[in-house]
Amino acid sequence: MDAWIELARGPLFRIALAALLIGLVYRLGTAAAQVILAWRRAGDRQLPLRSVATATLSWLLPVRLLRQRPLYGIASLVFHVGIIALPLFVAGHVALLQQSLPVVWPQLPSGVADVLSVVAFLALAAILVGRLAVRPTRALTRFQDVAVLALLLLLVGLGFLAAHPELSPFPARTLLLLHILAGDLALALTPMTKIAHCIVYPFTQLVFELAWHFPADSGRHVAVALGKEGEPV
Amino acid sequence: MAIQCSYYLEPVDTTDLPRRFLDAFAAVLAHSSYAMVLDAASHVSARCGRCASTCPVYQASDDPRDIPCLRSELVLKVYRRYFTPRGALATRLGPGFELDEAYINTMAEEMYRCTACRRCKLECPMGIDHGLITHLGRWLLAEVGIIPKALRVATREQLEGKTNNTSAIPAAALIDTCEFLEEDCVDTHGFKIRFPIDQQDAEYIFFPAVSDYLLEPDTLMGNAAVMTATNASWTIGTRYFDGINYGLFYSDRMLDRIVNMEVQELKRLNARTVLIGECGHASRSAKAFIRTFCGGDRAPEVINCMEYALRMLNEGRLELRKNAIDARVTYHDPCNIARSGWIIEQPREILRHIASDFVDMTPHGRENYCCGGGGGTVSIDEIRSFRTHIGGATKAEQIRRTGATIVVSPCANCKKQLREVCEDNNLEHVQVVGLHDLILQAIVVPAAMRVDPQSDAASATASP
């Protein structure tokens, strides 16, 4: 079992991390290149950057999130706080990090980490149930919407149980192995799924504002490409 | 198979339709920045459903096909399948989605159930602009000949007809109408106004929604009263005088051509500033896209007539009677000028000055609800029931809750739609007017505009 755990948190973790970094750099690079190209082609380069920045920042604050569908907003907020704080600041993760890098890194007290794990787990479960129970979100749900939530649910749940094996009938090492494998999978899938918004988010408001600033000659070029110059309306 | 929609179409050539649609898609992607939009939407959409909770069409219809995210998916699915490596790979791995006529027909129907009000963008945490994706979807459809007949016929007359305007008003009839309005203002309101025609070197060249010349005499008299009272240098060109731009609703190619017509007329008369009348989409088309298609920073400035009126009021060059309007008044924000935050407070400042009982709808301003006829759908008479009972249902309730008997709606399209919404939703007692209709009643007439300068009776105010 220990060999499997070493494989999961050694080579597999490094492969997952590489997939994450390469994927995110690709996403970020593509988004940045598209923004620069669109801006250079735009007939009107005057952008309302202040309102773009305000819109981008306002969604990072919980106030906006809670205005419509407040229960969903609270669950979403708690889940996001948990999913960012737990991997970075749980004592076990920090210890692993410090084995590789001699850095000073803050860590959550175990009581706080436990509460956060449970609350994040419940929030994730609530989001999953809500998604499938409410008509519009059920209609919108794709495979990845359920799969990503289920994977994260598993990840957080297994992490908690791995830290508290006395609460589970399964062996602690098995829980730890499954937790690490779920974590590896989540990292590797991040650039390929909607979790990519964790890196592309700062660009999205800008993208949709800039996109209304069309290239000055786009229409004429499209007409030429389609052989429609001079064609009646 | 013929394309069938709930709106009228001119005959559509369905020969090899999917291939022609994909050719158009490829051409648009090659020469525009839409790929950036489609990539971003594909990668970050959380499918959280917030857009559903803010869309007035979905709220009224309760039909999943009206959820903005799902409408956008119609375009995104084609994009991912045919224009991304992932789509190419999926095709090699097995049978997947294939674009066919039925799918294009579905797109044709769904894209025109959206009023393009862009309210959903405000509530999308990722800022996805489903209005923009619908805008693209409509352009792609237009390139294969799928355009609501009402929009296409009007645009054809505007760009290629004898009259160069969407209402097919000949220049001679425009001049007659302006002369009639000048006389009517004297007869009805007791003061003189001027509609300067083809003046060279004016500061402002005026483009209202051309339908105002047929349907909104009080709005136009109000516009002319403000310009005359402030001694403005302005003109109306006879070669091109239409602010309407249906290109905004279905084709960037047409949008480009139409704003260029405005600028050509400005150059012909050597005017300096484009002044748009009371029309939301005409204002946005000119404000945003004259810069885009006509020279960027070198393009002429564009202002809306309400901005002009408020500036004159604040500078003391326009005098309006305080509390001249007794009835309860509310204000409808046209999406095309309010969603971006451009024109929200300007008309309200004027209304708070001239109306003693002004009440706002909830919500309003940037977060207003669409009248239900946005995105050009108001011109499609055959879908009136959908517009007034689905698209306009929320707006009807908003109006009802204010208790107002006058709704000020500074937009030709919103006015037509709101009148139909009121008729179809038991709000017949509500009058829908333009802001300048009320300004016409409240204006304090300068001596130079009085019919009889010596007459005290006519000097103080215009008669309501």
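Q: How many salt bridges does the rule find across the interface of chain A and chain B?
A: Four are found there, a salt bridge being a side-chain nitrogen of Lys or Arg within 4 Å of a carboxyl oxygen of Asp or Glu. This is a predicted model, in which local features need pLDDT of at least 70, side-chain atom pairs count only at pLDDT 80 or more, and totals for chains, interfaces and linings use all residues. Residues are numbered from 1 along each chain as its sequence is written, chains are lettered from A and ligands numbered from 1 in the order in which they are written, and side-chain values use heavy atoms, with hydrogens and water left out.

Q: With what does B:Asp256 form a salt bridge?
A: Its partner is A:Arg220, and the closest N and O atoms are 3.0 Å apart.

Q: What area is buried between chain A and chain B?
A: About 5300 Å², with carbon and sulfur atoms giving 57%; buried area is the accessible area (1.4 Å probe) that two parts lose on being put together, summed over both. In chain A, the residues losing the most area to chain B are A:Phe208, A:Trp212 and A:Val233, together 18% of what that side buries.

Q: And how many residues does the contact take from each chain?
A: Chain A gives 51 residues and chain B gives 70 residues, where contact means heavy atoms within 4.5 Å.

Q: Changing topic, how many salt bridges are there over all chains?
A: The search of the whole structure finds 44. In chain B, B:Glu10 and B:Arg152 meet in a salt bridge at 3.7 Å, N to O. B:Glu10 lies in the segment before helix H1 (17–31) and B:Arg152 in helix H10 (residues 149–160) of chain B, so this pair ties together parts that are 142 residues apart in sequence. Helices (H or I, at least four residues) and strands (E, at least two) are DSSP runs, numbered from the N terminus.

Q: Where is B:Arg118, and what is its phi?
A: B:Arg118 is in the loop between helix H7 (101–111) and helix H8 (119–122) of chain B. Its phi is near 65°, a positive value in a residue other than glycine. Most residues other than glycine have a negative phi.

Q: Which peptide bond is cis?
A: The bond from B:Thr362 to B:Pro363 is cis, with omega near -10°. B:Pro363 lies in the loop between strand S6 (355–358) and helix H20 (384–391) of chain B.
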